[in-house]
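Please walk through this model with the helices, the rings and the charged pairs in view.

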Amino acid sequence: MKKLTATQEKSRQKKLKKITEKLQSDDNKAIVSALKEVKEHGDASIIPFLIDLYLNNQNQEVQDELQKVFFGLNDQDAVRPILNAAEQNIESYQRSFLLSAIWEAGLSIDEHLDQLTNIALKSDYMSMLEAVTIVENMKRPDEDEPLKRNIVKVKEHLLDNPEQDDKYRLTASYLEILSEQMVG
């Protein structure tokens, strides 16, 4: 985003405030309208409101528009709040959706690999599948240390959980992808 003048920034902040007020309303039409505005005027500060809506508003039109917004995110600062929400005690399909938003939007998890691995190891098959997709599509981190840490963590998890089910195989794939990243 290009640098805004003080007046432009003040105007943008006013728009953001109005958008967040609409996002918190009980009127689904106002919410959908606000979600459309998020695409043009939003930034990462709006992510907690979007997550709250996703988790708590079951209106199909709202959910459809939320998907468009999440999958179109282009602010790297959105990754942390999305991962923080995915760590919470939420439904499996919700966690999977939040993780899919990261890779659908093409956001980088370089700085968040530890958090992603923790979520993946504690989650079900579908969330692990989303995590595998994220690491498959990530660019190699600049440093080896995060990869090494997560390789060890996943190996220990596999040793502690020797069941040979689908999630075990997917976790082994996660490990393989991390190891391939390490080799370069």
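Predicted model: local features only at pLDDT ≥ 70, side-chain atom pairs only at ≥ 80, totals over all residues.

Residues are numbered from 1 along each chain as its sequence is written, and side-chain values use heavy atoms, with hydrogens and water left out.

Start with helices α3 (residues 47–56) and α4 (residues 60–71). Helices here are DSSP runs (H or I, at least four residues), numbered from the N terminus. The axes of α3 and α4 come within 10 Å and cross at roughly 140 degrees. Axes are lines fitted to C-alpha atoms, over the stretch in contact for helices, and angles run from 0 to 180 degrees between N-to-C directions. The crossing of α3 and α4 is left-handed, meaning that the near helix is turned anticlockwise from the far one by less than a right angle. Which residues of α3 meet α4? They are Leu 50, Ile 51, Leu 53 and Tyr 54, and they meet Val 62, Gln 63, Leu 66, Val 69 and Phe 70 in α4. Contact means heavy atoms within 4.5 Å. By class, this contact has 8 nonpolar, 1 polar and no charged residues. Ala, Val, Leu, Ile, Met, Phe, Trp, Tyr, Cys and Pro count as nonpolar, Asp, Glu, Lys and Arg as charged, and the others, Gly among them, as polar.

Now the rings. The structure holds 4 aromatic pairs. Rings of Phe, Tyr and Trp (its six-membered ring) pair if their centres lie within 6.5 Å; planes under 30 degrees apart count as stacked, over 60 as edge-to-face and the rest as tilted. Tyr 54 and Phe 70 have ring centres 6.5 Å apart and planes at 75 degrees, so they are edge-to-face. Tyr 54 in α3 and Phe 70 in α4 are 16 residues apart. Both Tyr 54 and Phe 70 are buried, that is, under 20% relative accessible area, with exposed over 50% and partly exposed in between (1.4 Å probe, protein chains only). Phe 71 and Phe 97 are stacked, at 5.5 Å centre to centre and 25 degrees between the planes. Phe 71 is partly exposed at 22%, whereas Phe 97 is buried at 12%. Tyr 54, Phe 70, Phe 71 and Phe 97 form one aromatic cluster.

Ser 100 lies in helix α6. Its relative accessibility is 8%, so Ser 100 counts as buried. Leaving aside neighbours within four places in sequence, Ser 100 is in contact with Phe 71 and Glu 130.

Helix α7 (residues 113–122) is mostly covered, with 7 of its 10 residues buried. The cover over those buried residues includes α5, α6, α8, α9 and α10.

The structure holds 10 salt bridges. A salt bridge is a side-chain nitrogen of Lys or Arg within 4 Å of a carboxyl oxygen of Asp or Glu. Glu 65 meets Lys 39 at 2.7 Å, N to O. Glu 65 lies in α4 and Lys 39 in α2, so the pair ties together parts 26 residues apart in sequence. Glu 65 is buried at 5%, whereas Lys 39 is partly exposed at 48%. Glu 65 also forms a salt bridge with Lys 68, at 3.6 Å. Lys 139 forms a salt bridge with Asp 110, the closest N and O atoms being 3.1 Å apart.

Definitions and conventions. Helix = DSSP H or I, 4+ residues; strand = E, 2+ residues; numbered from the N terminus.
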